[in-house]
Amino acid sequence: MYNHVVVSQFTDDEIDRIFHALADATRRDIVTRVLRQEESISQLARRYDMSFAAVQKHVAVLAGAALVVKQRNGREQLVHGNPEVLRKAARLLDEYERVWRRRADAIADILSEEDT
Amino acid sequence: MSVISSHKDTEALTLTIVAEFDAAVERVWRVWEDPRRLERWWGPPTWPATFERHDFAVGGRCAYFMTGPDGERARGWWRITAIDAPHRLEFDDGFADDAGEPVADMPVIHCAVSLEPNGSGTRMTTLSRFDSLDQLEKLIEMGMEEGLTLAEGQIDALLAEG
């Protein structure tokens with residue numbers, strides 16, 4: 001259900017770029033990290049025991065698929081997750097919130113039955 | 001309505017829910033500790049849960065299944081990571097195969113529950129944390145497919161009941 005909603009917002013070209021970008025384990029890991037916290041390319045290069053240039057290439061592929069956004073800050077290139085993706089996270093957490101609201105109400109019912 | 005506030009952190013992938021109950025902390029603790037009480041609220045009405053195993057101790061395992069409208073079963077497991085009765089419980093919750101063993105590559109939810117006295121009642125805070133957006137998405141997708149999460153109308157009905 002979500003797939004349809006999300007996919008229909010992208011063109012075929014965009015979808016191809018996204019799948020290509022995420023086909024690599026290092027790139028998937030970079031996305032996960034910078035979604036949680038912004039990191040510079042040099043910080044990422046240290047994490048993966050990779051050259052600055054190699055990480056820069058991975059980031060460029062991710063940025064091409066709009067999965068991450070690059071920003072220059074002085075001499076550093078900062079990388080962070082795309083807000084669009086964060087909005088998707090918010091939507092999914094909303095769904096999960098319903099599960100807990102339902103559970104809390106069910107607990108309240110059990111507690112009130114015990115009263116009587 | 002039991003839930004008084006919620007907070008979502010989209011970067012840390014956490015959901016915090018605060019609920020208040022008109023019952024003492026010890027009684028609210030029992031809905032977690034006693035499997036017969038627990039299974040009355042853990043699953044949705046259309047997918048009631050049955051806990052076959054409930055080792056309510058640090059390092060303990062729980063095994064449960066939820067039974068769908070057509071008799072199909074969805075199995076799950078808990079591993080309890082912290083307990084401080086009757087105030088704090090932490091556990092991981094995941095998907096299990098037919099033998100009750102955890103399924104690799106399936107979403108795991110890290111859950112932390114705390115109970116505090118609030119007047120004559122109890123304030124319960126649950127924090128759920130996901131390892132990745134992929135896992136969160138997979139969980140929600142599966143929930144939608146199997147009807148584990150309620151449809152919009154059902155929620156409204158619950159809210160209307162107050």
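Modeller: Two residues are in contact if their C-beta atoms, placed from the backbone, lie within 7 Å. In chain B, 34% of the contacts with a separation of 6 or more come from residues 24 or more positions apart. This is a predicted model: local features need pLDDT of at least 70, side-chain atom pairs count only at pLDDT 80 or more, and totals for chains, interfaces and linings use all residues. Residues are numbered from 1 along each chain as its sequence is written, with chains lettered from A and ligands numbered from 1 in the order in which they are written.

Colleague: How many residues of chain B are in contact with chain A?

Modeller: 34 residues of chain B touch 27 residues of chain A. α3(B) gives the most to that side of chain B, six residues. Helices are DSSP runs of H or I, at least four residues, and strands are runs of E, at least two, numbered from the N terminus.

Colleague: How do I read two packed helices?

Modeller: Two packed helices are described by the angle between their axes and the distance between the axes. Axes are lines fitted to C-alpha atoms, for helices over the stretch in contact, and angles run from 0 to 180 degrees between N-to-C directions. Take α4 (residues 41-48) and α5 (residues 52-64) of chain A: their angle is about 110 degrees, and their axes lie 9 Å apart.

Colleague: Which residues of α4(A) and α5(A) meet?

Modeller: In α4(A), A:I41, A:S42, A:L44, A:A45 and A:Y48. They meet A:F52, A:V55, A:Q56 and A:V59 in α5(A).

Colleague: And which elements make up chain B?

Modeller: Chain B has four helices and eight strands. Their order from the N terminus is β-β-α-α-β-β-β-β-β-β-α-α.
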